[in-house]
Amino acid sequence: MLNVGNAVLNEKYLLSLQKKHNMSTKSHLIAPSVLAADFAKLYDDIIMVNNSEADWFHIDIMDGVFVPNISFGFPVMQAIAKHATKPLDVHLMIVDPDRYLQVCKDSGAEIITVHYEACTHLHRTLAAIKELGCKAGVALNPHTPVALLKDVLADLDLVCLMSVNPGFGGQKFIANTYAKVQELRAMAKNVNDGLLIEIDGGVTTANAAQLLKAGADVLVAGSFVFNAAAPLDTIKSLKDIDINIENI
Ligand code: DX5
Ligand code: ZN
(Lines give C-alpha, C1' and ligand atoms only; values in the text may rest on other atoms or scores of the structure.)
(Ligands and ions follow the chains in the order given, each with its own letter.)
Protein backbone atom coordinates (compact mmCIF):
# COMPACT_ATOMS: atom_id res chain seq x y z
CA MET A 1 0.00 0.00 0.00
CA LEU A 2 1.31 3.42 -0.86
CA ASN A 3 1.87 5.51 2.23
CA VAL A 4 1.15 8.81 0.55
CA GLY A 5 0.61 10.51 3.91
CA ASN A 6 4.19 10.21 5.01
CA ALA A 7 5.54 11.17 1.58
CA VAL A 8 3.45 14.32 1.55
CA LEU A 9 4.44 15.08 5.12
CA ASN A 10 8.13 14.79 4.31
CA GLU A 11 7.78 16.91 1.21
CA LYS A 12 5.88 19.56 3.17
CA TYR A 13 8.44 19.38 5.96
CA LEU A 14 11.31 19.89 3.55
CA LEU A 15 9.58 22.81 1.89
CA SER A 16 8.79 24.42 5.22
CA LEU A 17 12.39 24.00 6.35
CA GLN A 18 13.62 25.43 3.07
CA LYS A 19 11.34 28.42 3.50
CA LYS A 20 12.15 28.89 7.17
CA HIS A 21 15.88 28.73 6.65
CA ASN A 22 16.08 30.28 3.18
CA MET A 23 17.45 27.07 1.80
CA SER A 24 17.66 26.36 -1.90
CA THR A 25 15.13 24.02 -3.44
CA LYS A 26 17.65 21.85 -5.26
CA SER A 27 16.71 18.24 -4.91
CA HIS A 28 19.42 16.87 -2.61
CA LEU A 29 20.60 18.14 0.75
CA ILE A 30 24.11 18.70 2.09
CA ALA A 31 24.85 18.23 5.79
CA PRO A 32 28.38 19.19 6.85
CA SER A 33 29.49 17.12 9.84
CA VAL A 34 30.62 19.39 12.67
CA LEU A 35 32.82 16.54 13.96
CA ALA A 36 35.43 17.67 11.44
CA ALA A 37 35.24 21.35 12.40
CA ASP A 38 38.02 23.09 14.30
CA PHE A 39 36.65 22.96 17.87
CA ALA A 40 38.92 25.83 18.89
CA LYS A 41 37.10 28.06 16.44
CA LEU A 42 33.73 26.37 16.34
CA TYR A 43 31.81 29.66 16.12
CA ASP A 44 33.59 30.61 12.88
CA ASP A 45 32.86 27.21 11.37
CA ILE A 46 29.16 27.46 12.30
CA ILE A 47 28.93 30.86 10.64
CA MET A 48 30.67 29.43 7.57
CA VAL A 49 28.00 26.71 7.30
CA ASN A 50 25.26 29.31 7.89
CA ASN A 51 26.62 31.30 4.95
CA SER A 52 27.07 28.29 2.71
CA GLU A 53 24.72 26.36 0.44
CA ALA A 54 24.52 23.58 3.01
CA ASP A 55 21.08 22.57 4.24
CA TRP A 56 21.62 20.99 7.66
CA PHE A 57 24.23 20.75 10.40
CA HIS A 58 25.13 17.10 11.02
CA ILE A 59 25.87 16.62 14.71
CA ASP A 60 27.67 13.44 15.80
CA ILE A 61 27.16 12.49 19.45
CA MET A 62 29.29 9.54 20.65
CA ASP A 63 29.52 7.77 24.00
CA GLY A 64 32.76 5.79 23.78
CA VAL A 65 30.71 2.60 24.22
CA PHE A 66 28.67 2.12 21.07
CA VAL A 67 31.62 3.53 19.10
CA PRO A 68 35.28 3.61 20.14
CA ASN A 69 35.43 7.38 20.37
CA ILE A 70 33.87 10.30 22.25
CA SER A 71 33.05 13.45 20.30
CA PHE A 72 31.09 16.07 22.23
CA GLY A 73 27.90 16.17 24.23
CA PHE A 74 24.70 18.16 24.57
CA PRO A 75 26.20 21.33 26.12
CA VAL A 76 28.34 21.75 23.01
CA MET A 77 25.35 21.00 20.81
CA GLN A 78 23.39 23.70 22.63
CA ALA A 79 26.18 26.17 21.91
CA ILE A 80 26.03 25.21 18.23
CA ALA A 81 22.24 25.54 18.20
CA LYS A 82 22.50 29.08 19.56
CA HIS A 83 24.25 30.24 16.38
CA ALA A 84 23.09 27.77 13.71
CA THR A 85 20.47 29.06 11.29
CA LYS A 86 19.90 25.64 9.71
CA PRO A 87 18.34 22.49 11.18
CA LEU A 88 20.40 20.25 13.43
CA ASP A 89 20.47 16.68 12.16
CA VAL A 90 21.63 14.68 15.16
CA HIS A 91 23.29 11.29 14.78
CA LEU A 92 23.30 9.50 18.13
CA MET A 93 26.10 6.91 18.27
CA ILE A 94 25.22 5.88 21.80
CA VAL A 95 23.81 2.84 23.57
CA ASP A 96 20.31 3.10 25.02
CA PRO A 97 19.49 6.39 23.25
CA ASP A 98 16.02 6.56 24.85
CA ARG A 99 17.61 8.09 27.94
CA TYR A 100 18.79 11.11 25.94
CA LEU A 101 15.96 11.86 23.50
CA GLN A 102 14.41 14.63 25.59
CA VAL A 103 17.70 16.44 26.20
CA CYS A 104 18.57 15.98 22.54
CA LYS A 105 15.34 17.69 21.50
CA ASP A 106 15.83 20.39 24.14
CA SER A 107 19.35 20.98 22.83
CA GLY A 108 17.97 21.93 19.42
CA ALA A 109 17.56 18.75 17.39
CA GLU A 110 15.09 18.76 14.50
CA ILE A 111 16.04 15.30 13.30
CA ILE A 112 17.13 12.55 15.69
CA THR A 113 18.76 9.44 14.28
CA VAL A 114 19.44 6.40 16.44
CA HIS A 115 21.40 3.29 15.52
CA TYR A 116 19.53 0.12 14.66
CA GLU A 117 22.28 -1.80 16.44
CA ALA A 118 21.83 0.23 19.66
CA CYS A 119 18.06 -0.15 20.07
CA THR A 120 16.37 -3.16 21.61
CA HIS A 121 12.91 -1.67 21.09
CA LEU A 122 13.42 0.36 17.95
CA HIS A 123 9.72 0.85 17.23
CA ARG A 124 9.21 2.32 20.69
CA THR A 125 12.25 4.58 20.34
CA LEU A 126 11.03 5.93 16.99
CA ALA A 127 7.61 6.64 18.48
CA ALA A 128 9.28 8.50 21.36
CA ILE A 129 11.26 10.67 18.93
CA LYS A 130 8.10 11.58 17.05
CA GLU A 131 6.24 12.21 20.29
CA LEU A 132 8.83 14.92 21.00
CA GLY A 133 7.97 16.55 17.68
CA CYS A 134 11.24 15.59 15.96
CA LYS A 135 11.81 13.74 12.70
CA ALA A 136 12.88 10.14 13.29
CA GLY A 137 15.84 8.46 11.65
CA VAL A 138 17.64 5.14 11.91
CA ALA A 139 21.31 4.63 11.08
CA LEU A 140 22.68 1.32 9.84
CA ASN A 141 26.28 0.21 10.28
CA PRO A 142 27.99 -1.02 7.11
CA HIS A 143 27.39 -4.67 8.09
CA THR A 144 23.66 -4.25 8.81
CA PRO A 145 21.35 -5.24 5.93
CA VAL A 146 18.72 -2.72 4.87
CA ALA A 147 16.17 -5.55 4.75
CA LEU A 148 16.05 -5.45 8.57
CA LEU A 149 14.18 -2.14 8.34
CA LYS A 150 11.19 -3.65 6.55
CA ASP A 151 8.82 -3.54 9.53
CA VAL A 152 9.60 0.05 10.56
CA LEU A 153 10.10 1.56 7.13
CA ALA A 154 6.71 3.25 7.05
CA ASP A 155 7.44 4.94 10.39
CA LEU A 156 10.72 6.50 9.35
CA ASP A 157 11.53 9.98 8.09
CA LEU A 158 15.16 9.18 7.36
CA VAL A 159 17.58 6.28 7.06
CA CYS A 160 21.25 7.04 7.50
CA LEU A 161 23.41 4.50 5.71
CA MET A 162 26.85 4.45 7.26
CA SER A 163 29.43 4.29 4.48
CA VAL A 164 32.24 3.91 7.06
CA ASN A 165 32.28 2.23 10.45
CA PRO A 166 30.99 4.92 12.79
CA GLY A 167 33.24 6.65 15.30
CA PHE A 168 35.71 8.65 13.28
CA GLY A 169 35.86 11.15 10.47
CA GLY A 170 38.22 10.90 7.54
CA GLN A 171 37.78 7.19 6.78
CA LYS A 172 37.60 5.50 3.41
CA PHE A 173 34.18 5.22 1.76
CA ILE A 174 32.83 1.64 1.56
CA ALA A 175 31.68 0.98 -2.01
CA ASN A 176 29.01 -1.57 -1.03
CA THR A 177 26.96 1.46 0.04
CA TYR A 178 25.81 2.08 -3.54
CA ALA A 179 24.01 -1.27 -3.63
CA LYS A 180 22.47 -0.61 -0.21
CA VAL A 181 21.08 2.74 -1.36
CA GLN A 182 19.51 1.12 -4.41
CA GLU A 183 18.01 -1.70 -2.37
CA LEU A 184 16.60 0.66 0.26
CA ARG A 185 15.16 3.02 -2.35
CA ALA A 186 13.40 0.08 -3.99
CA MET A 187 12.09 -1.14 -0.62
CA ALA A 188 10.76 2.32 0.25
CA LYS A 189 9.07 2.89 -3.08
CA ASN A 190 5.73 1.36 -2.14
CA VAL A 191 5.67 1.98 1.61
CA ASN A 192 7.35 5.33 2.19
CA ASP A 193 7.98 7.32 -0.94
CA GLY A 194 9.08 10.39 1.02
CA LEU A 195 11.83 8.57 2.92
CA LEU A 196 15.08 10.50 3.02
CA ILE A 197 18.19 8.38 2.49
CA GLU A 198 21.28 9.92 4.04
CA ILE A 199 24.86 8.80 3.44
CA ASP A 200 27.43 9.30 6.17
CA GLY A 201 31.16 8.67 5.87
CA GLY A 202 33.82 9.32 3.27
CA VAL A 203 31.55 11.38 1.02
CA THR A 204 33.36 13.49 -1.59
CA THR A 205 32.67 14.71 -5.11
CA ALA A 206 34.26 11.42 -6.25
CA ASN A 207 31.27 9.36 -5.02
CA ALA A 208 28.46 11.90 -4.49
CA ALA A 209 26.95 11.74 -7.97
CA GLN A 210 26.83 7.95 -7.95
CA LEU A 211 25.19 8.00 -4.52
CA LEU A 212 22.55 10.47 -5.67
CA LYS A 213 21.95 8.45 -8.80
CA ALA A 214 21.43 5.33 -6.65
CA GLY A 215 18.72 7.17 -4.72
CA ALA A 216 20.37 9.12 -1.90
CA ASP A 217 18.86 12.44 -0.75
CA VAL A 218 21.19 13.75 1.96
CA LEU A 219 24.99 13.77 1.81
CA VAL A 220 26.89 14.17 5.08
CA ALA A 221 30.43 15.44 4.58
CA GLY A 222 32.92 16.08 7.35
CA SER A 223 36.59 16.14 6.47
CA PHE A 224 35.92 16.78 2.78
CA VAL A 225 34.31 20.10 3.76
CA PHE A 226 36.24 21.24 6.83
CA ASN A 227 39.71 20.20 5.62
CA ALA A 228 39.19 21.93 2.29
CA ALA A 229 41.09 25.10 1.47
CA ALA A 230 37.79 26.73 0.47
CA PRO A 231 34.95 25.03 2.39
CA LEU A 232 32.23 27.26 0.89
CA ASP A 233 33.25 26.20 -2.62
CA THR A 234 33.47 22.57 -1.53
CA ILE A 235 29.94 22.66 -0.15
CA LYS A 236 28.77 24.32 -3.35
CA SER A 237 30.48 21.63 -5.45
CA LEU A 238 28.49 18.96 -3.60
CA LYS A 239 25.27 20.95 -3.82
CA ASP A 240 25.67 21.70 -7.52
CA ILE A 241 25.83 18.06 -8.60
CA ASP A 242 23.09 17.46 -11.12
CA ILE A 243 22.60 13.79 -11.82
CA ASN A 244 20.68 14.60 -14.97
CA ILE A 245 23.76 16.08 -16.62
CA GLU A 246 26.42 14.20 -14.69
CA ASN A 247 28.37 11.66 -16.72
CA ILE A 248 28.39 8.61 -14.48
C1 DX5 B 1 31.38 9.06 11.70
C2 DX5 B 1 30.39 10.19 11.71
C3 DX5 B 1 30.41 10.99 10.48
C4 DX5 B 1 31.72 11.68 10.21
C5 DX5 B 1 31.88 11.78 8.73
O6 DX5 B 1 31.12 8.22 12.74
O7 DX5 B 1 29.08 9.69 11.86
O8 DX5 B 1 29.35 11.93 10.45
O9 DX5 B 1 31.81 12.95 10.79
O10 DX5 B 1 33.13 12.27 8.47
P11 DX5 B 1 33.81 12.14 7.06
O12 DX5 B 1 32.94 12.86 6.08
O13 DX5 B 1 35.15 12.78 7.26
O14 DX5 B 1 33.92 10.67 6.74
ZN1 ZN C 1 27.35 11.06 11.50
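**Cysteines, charged pairs and the ligand**

Tutor: Cysteine 104 has a relative accessibility of 0% and so counts as buried; please keep in mind throughout that this is a predicted model.

Student: How many disulfides does the structure hold?

Tutor: The structure holds 0 disulfides. For cysteine 104, the closest cysteine sulfur is that of cysteine 134, and at 6.9 Å it is too far away for a bond, because a disulfide needs the two sulfur atoms within 2.5 Å.

Student: And cysteine 119, buried or exposed?

Tutor: Cysteine 119 counts as buried, with a relative accessibility of 13%.

Student: Okay, charges next. How many salt bridges are there?

Tutor: The structure holds 8 salt bridges. One of them pairs lysine 135 with aspartate 157, whose closest N and O atoms are 4.0 Å apart. Aspartate 157 lies in the loop between strand 5 (135–140) and strand 6 (158–162), while lysine 135 belongs to strand 5, so this pair ties together parts that are 22 residues apart in sequence.

Student: Are the two partners, aspartate 157 and lysine 135, buried or exposed?

Tutor: Aspartate 157 is buried, at a relative accessible area of 4%, and lysine 135 also counts as buried, at 13% relative accessibility.

Student: What about arginine 99, which residue does its side chain meet?

Tutor: The side chain of arginine 99 meets that of aspartate 96 in a salt bridge, with 3.3 Å from N to O. Arginine 99 is exposed, its relative accessible area being 54%, whereas aspartate 96 counts as partly exposed at 37% relative accessibility.

Student: Which residue does aspartate 151 pair with?

Tutor: Aspartate 151 forms a salt bridge with lysine 150, in which the closest N and O atoms are 3.5 Å apart, and both of these residues are exposed. Elsewhere, salt bridges with shared partners join Glu53, Lys236 and Asp240 into one network.

Student: Switching to ligand 1, how many residues surround it?

Tutor: Ligand 1 is surrounded by 19 residues, of which the closest are Ser33, Gly167, Asp200, Gly222 and Ser223.

Student: Where do the oxygen atoms of ligand 1 come up against serine 33, glycine 167 and serine 223?

Tutor: In serine 33, a side-chain N or O atom is 2.7 Å from an oxygen atom of ligand 1. For glycine 167, a backbone N or O atom lies 2.7 Å from a ligand 1 oxygen, and for serine 223 a polar side-chain atom lies 2.5 Å from an oxygen atom of ligand 1. Of the 380 Å² of accessible area that ligand 1 has on its own, the protein covers 99%.

Note on methods
Residues are numbered from 1 along each chain as its sequence is written. Chains are lettered from A and ligands numbered from 1 in the order in which they are written. This is a predicted model: local features need pLDDT of at least 70, side-chain atom pairs count only at pLDDT 80 or more; totals for chains, interfaces and linings use all residues. Side-chain values use heavy atoms; hydrogens and water are left out. Buried means under 20% relative accessible area, exposed over 50%, partly exposed in between (1.4 Å probe, protein chains only). Helices (H or I, at least four residues) and strands (E, at least two) are DSSP runs, numbered from the N terminus. A residue is near a molecule or strand if one of its heavy atoms lies within 4 Å of it. A polar contact is a pair of N or O atoms within 3.5 Å; within protein, one must be able to donate a hydrogen and the other to accept it, and residues adjacent in sequence count only if both atoms are side-chain atoms. Accessible areas come from the Shrake-Rupley method with a 1.4 Å probe; for residues, only the protein chains shown count as cover.
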